[in-house]
Amino acid sequence: AQDPLVNRTRARNLAATCANCHGTNGKSLGGMESLAGEPKEKLLQKLADYRSGDKPATIMHQIVVGYTDEQLDLITTWFAAQK
């Protein structure tokens, strides 16, 4: 089994790529929605909808295809845990 600290660090590093639009630790200052504290399942569903094209987007449909399911799981777990 992987060290939980390694997974937390990977999750934090992956989630940091979202900060440009969604704010540090997912706390948006406006413009884009905040991700911090959102339920993991809700975030995963939105990402799946972007990936499939069911949810229209300007850029997210392009971004989400660059991540594996495992990476998206880490990212959404990270954001769900933020206050």
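Mentor: In this predicted model, residues 24 or more positions apart account for 58% of the contacts in the protein chain with a separation of 6 or more.

First, the setting. The protein chain has five helices and zero strands, in the order α-α-α-α-α along the sequence. Its radius of gyration is 12 Å, close to the 12 Å that the globule rule gives for 83 residues, so the chain is as compact as a globular protein of that length. Along the principal axes, the C-alpha atoms fill a box of roughly 35 × 25 × 20 Å. Of the 83 residues, 28% are buried.

Beyond its neighbours within four places in sequence, Leu47 is in contact with Met60, Val64, Leu72 and Thr76. Of these, Leu72 and Thr76 fall within helix H5, residues 69-81. By contrast, Gly31 is 16 residues from Leu47 in sequence, and their C-alpha atoms are 18 Å apart.

Lys40 pairs with Asp73, the closest N and O atoms being 2.6 Å apart. Lys40 lies in helix H3 and Asp73 in helix H5, so this pair ties together parts that are 33 residues apart in sequence. Both partners are partly exposed, Lys40 at 22% relative accessibility and Asp73 at 32%. Arg51 and Asp69 form another salt bridge, with an N to O distance of 2.7 Å. Here too the residues belong to helices H3 and H5 respectively, so the pair ties together parts 18 residues apart in sequence. Arg51 is partly exposed, with a relative accessible area of 33%, whereas Asp69 is exposed at 57%.

Helix H5 has a further link, to helix H1 (residues 4-16). Arg10 forms a salt bridge with Glu70, the closest N and O atoms being 3.2 Å apart; Arg10 is in helix H1 and Glu70 in helix H5, 60 residues apart. Arg10 has a relative accessible area of 27% and Glu70 one of 47%, and both are partly exposed. These pairs are among the five salt bridges of the structure.

Finally, the loop between helix H2 (19-22) and helix H3 contains Ser28. Ser28 is buried, with a relative accessible area of 17%, and among the residues it touches are Cys21, His22 and Glu33.

Terms used:
Residues numbered from 1 in each chain as written. Predicted model: local features only at pLDDT ≥ 70, side-chain atom pairs only at ≥ 80, totals over all residues. Heavy atoms only, no water. Helix = DSSP H or I, 4+ residues; strand = E, 2+ residues; numbered from the N terminus. Rg over C-alpha atoms; globule rule 2.2 N^0.38 Å. Buried < 20%, exposed > 50% of the residue type's maximum accessible area, 1.4 Å probe, protein only. Contact = heavy atoms within 4.5 Å. Salt bridge = Lys/Arg side-chain N within 4 Å of Asp/Glu carboxyl O.
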